[in-house]
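Opening my notebook for today's look-up. I'll jot things down as I go.

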Number of protein chains: 2
Amino acid sequence: MMIAEKISKKQIIINAAADLFKDKGYKAASIRDLATKVGLEPSSIYSHIKSKEDLLSEICMGCAQKFTEGMAQISNTDMSSRKKIGALITLHLDIAFENLASITVFNDEWRYLPDSVLNEFLILRKDYEKQFKKILMEGKEEGKFEFQHTDIVFNVIIKTLSWSYAGVKKYKKEELQQELTSFISNALHKN
Amino acid sequence: MMIAEKISKKQIIINAAADLFKDKGYKAASIRDLATKVGLEPSSIYSHIKSKEDLLSEICMGCAQKFTEGMAQISNTDMSSRKKIGALITLHLDIAFENLASITVFNDEWRYLPDSVLNEFLILRKDYEKQFKKILMEGKEEGKFEFQHTDIVFNVIIKTLSWSYAGVKKYKKEELQQELTSFISNALHKN
DNA sequence: CCTACCGATCGGTAGG
DNA sequence: CCTACCGATCGGTAGG
C-alpha cells in the first residue's frame, strides 16, 4: 500500500514534469515550478526523484521504449511494405494520443539528457531508424516505392509524423491517420 | 569606418550567438559562453547588444523577414500552384544553405522571444501560413492537388521543409531539392 | 514532507 | 573593452 502510493506520487510528478518541460522547455523549467504544480515544497520533490535530469530521462526513455516495442511487433510480421508504413503511422499516433506532453518532450528536449542516458537513447533511436529504413528499402526493391535517397525520405516521414503531435489537439486520431497515410502513401508511390 | 567596424563586430557576435543557440539551446547558452567564443569579456558583449533576448530577436526576425520577402515574390507571380510549391521548397533551401545556424534557431528557439517581439513574429508567421495555404487551396480547387485538410497538409509540408535544415550538412542543395520536390509533388498529386 | 540553507551560475550594470 | 561586482535564481543537501 505504501509502495503503491509512492509509485503513484512519483508518476504524478513525472507527468507534471512532462507538461512543464513541454510548455517552458527543459532548461527554462525549474524544480520550483514543478513543486508549485504538484503542491509541494521544492526540496520535497527530491523525496521522489534523484535529480531534474532523472525526470527527463524517465520521460524520454519511456517513449523510446514504446517505439522500440512497437517497431519490433511491426517488423516481425509478413505485412507488405506499404502496410508496415501504415502501421508505423498508427504507432506514432497511438503514442502521441496516449501522452502528448511526454512525446513532445521526447521529441524536442532529448538533447539535454545526461551523457550516459543519452548514449542509451541514441542506440535505441539508431536501431529504430535502421529498421524503418529497411522497410523503405524493401518496398523500393519490390518496386512498390520510388525515391532516390532512403535517408532523406526516412527523415521526411519521421518529421511528418512528429508534426502530428501538434495536430493531436485539433483533430481526431482517425482524421490525422487518414490524411497522413494518404499523404505519405502518395509520396512513396510510383507515378 | 568606426561605424562600419562596429556593425561588423555586432554581426560577428550575432552569428556566433546563432551557432551557440543552435548547439546548446537558447536557455542553456550563456553570455559567458558567447564571450569566450568571440574572445571578449562577458560584460563587453553589452557594448554591442542590449540583451541576450536581443540576440535571439535579431536572429529570428532576420529569418522571418527573408521568408516574408520570398513569399511575397512567389505569390505575386502567375506560376501554377505546383510551380509555386516548388519555388517555396527552393526558398526554404536557399535560406537554410545561406545560414544554417540562424534558421535552426529561428525554427527551434523562437518561443523564447520576449513578448513584444514574439507578437510581431507570430503575425509574420500567420501571414506566411495564410499565403501558403492559399496556394494549396487554389491547387485543390483547380483539381491539381488532392487532400482533405489544408491545415494538416500545410503543416506536414512545413515540417518536411524544416527537416531539410538537418540535411544541409549531408547533401547538396540540388539533391535535397529534387528529393523533396518529388516527394511533396507526389504527395499532392491526384491518383 | 518541511525549514533552512548552500555554492554555482546567471544576465546585466557601474565606472572607467 | 575591461575590472569589479550585484541581485536573482538555480539544482540540490542537511537534518529533522
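This is a predicted model: local features need pLDDT of at least 70, side-chain atom pairs count only at pLDDT 80 or more; totals for chains, interfaces and linings use all residues.

I started with DNA strand C and asked which residues are closest to it.

Residues are numbered from 1 along each chain as its sequence is written, chains are lettered from A and ligands numbered from 1 in the order in which they are written, and side-chain values use heavy atoms, with hydrogens and water left out.

Of its atoms within 4 Å of the protein, 48% are sugar or phosphate and the rest are bases.

Then I looked up some phosphate oxygens of DNA strand C. One is 3.1 Å from a polar side-chain atom of His48(A). For Glu41(A), a backbone N or O atom sits 2.9 Å from a phosphate oxygen. In chain B, a polar backbone atom of Ile31(B) is also 2.9 Å from a phosphate oxygen.

Last, chain A itself. I found eight helices and zero strands, where DSSP runs count as helices (H or I, at least four residues) or strands (E, at least two). Its C-alpha trace spans about 60 × 35 × 35 Å along the principal axes. Of its 191 residues, 47% are buried, meaning under 20% relative accessible area with a 1.4 Å probe, protein chains only.

Methods
Buried means under 20% relative accessible area, exposed over 50%, partly exposed in between (1.4 Å probe, protein chains only). A residue is near a molecule or strand if one of its heavy atoms lies within 4 Å of it. A polar contact is a pair of N or O atoms within 3.5 Å; within protein, one must be able to donate a hydrogen and the other to accept it, and residues adjacent in sequence count only if both atoms are side-chain atoms.
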